[in-house]
Amino acid sequence: MAETRTWKGGCHCGAVAFEAESDLAQVITCNCSLCRMRGSMLSFVPATRFTLLQGEGRLTEYRFNKRVLQHLFCATCGVASFTRGALPDGTPMAAINVRCLEGVDPDALSPVKFDGASH
């Protein structure tokens, strides 16, 4: 999926909706305690390429470990469709849960494994 496009995504109940511009060329799975339990597949985009369309007031935040990432989930259905934080260079970013994007077949992707458990 090397073509950059605007993807629509959100939570299960529809309370949270967003758009993100990405080519989905680099998708990761992480083995940290949270991602492992959630089964997330993540694509990182600069915050300038992410737009929350609705649901800011429906999001609940969870922080753990170093407490630098805003793990957000819908207070109604519990789905974690994205996380807010910063890239290593300090650029604000969103980590999109690719499983929450419309029209994406997760089985067609080749995610890279990230060892979050060691960080």
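How many aromatic pairs does the structure hold? The structure, a predicted model, holds four. This tour visits some of the rings involved.

Start by selecting Phe18 and Phe82. Their rings form an edge-to-face pair, with 5.8 Å from centre to centre and 65° between the planes. Now colour the strands. Phe18 belongs to strand E2, which covers residues 17-22, and Phe82 belongs to strand E8, residues 82-86. The pair links distant parts of the chain, as the two residues are 64 apart.

Are Phe18 and Phe82 buried or exposed? Both Phe18 and Phe82 are buried. For Phe82 the relative accessible area is 2%, and under 20% counts as buried.

The ring centres of Phe50 and Phe82 are 4.7 Å apart. Phe50 is in strand E5, residues 50-54, while Phe82 is in strand E8, so the pair ties together parts 32 residues apart in sequence. Phe50 has a relative accessibility of 11% and therefore counts as buried.

Now show Phe18, Phe50 and Phe82 together. Ring pairs link these three residues into a cluster.

For the last stop, select Arg5 and Trp7. What sits over the ring of Trp7? The charged end of Arg5 does, at 3.8 Å from the centre of that ring.

Conventions
Residues are numbered from 1 along each chain as its sequence is written. This is a predicted model: local features need pLDDT of at least 70, side-chain atom pairs count only at pLDDT 80 or more; totals for chains, interfaces and linings use all residues. Side-chain values use heavy atoms; hydrogens and water are left out. Rings of Phe, Tyr and Trp (its six-membered ring) pair if their centres lie within 6.5 Å; planes under 30 degrees apart count as stacked, over 60 as edge-to-face and the rest as tilted. Helices (H or I, at least four residues) and strands (E, at least two) are DSSP runs, numbered from the N terminus. Buried means under 20% relative accessible area, exposed over 50%, partly exposed in between (1.4 Å probe, protein chains only). A charge sits over a ring if NZ of Lys or CZ of Arg is within 6 Å of the ring centre and within 35 degrees of the ring normal.
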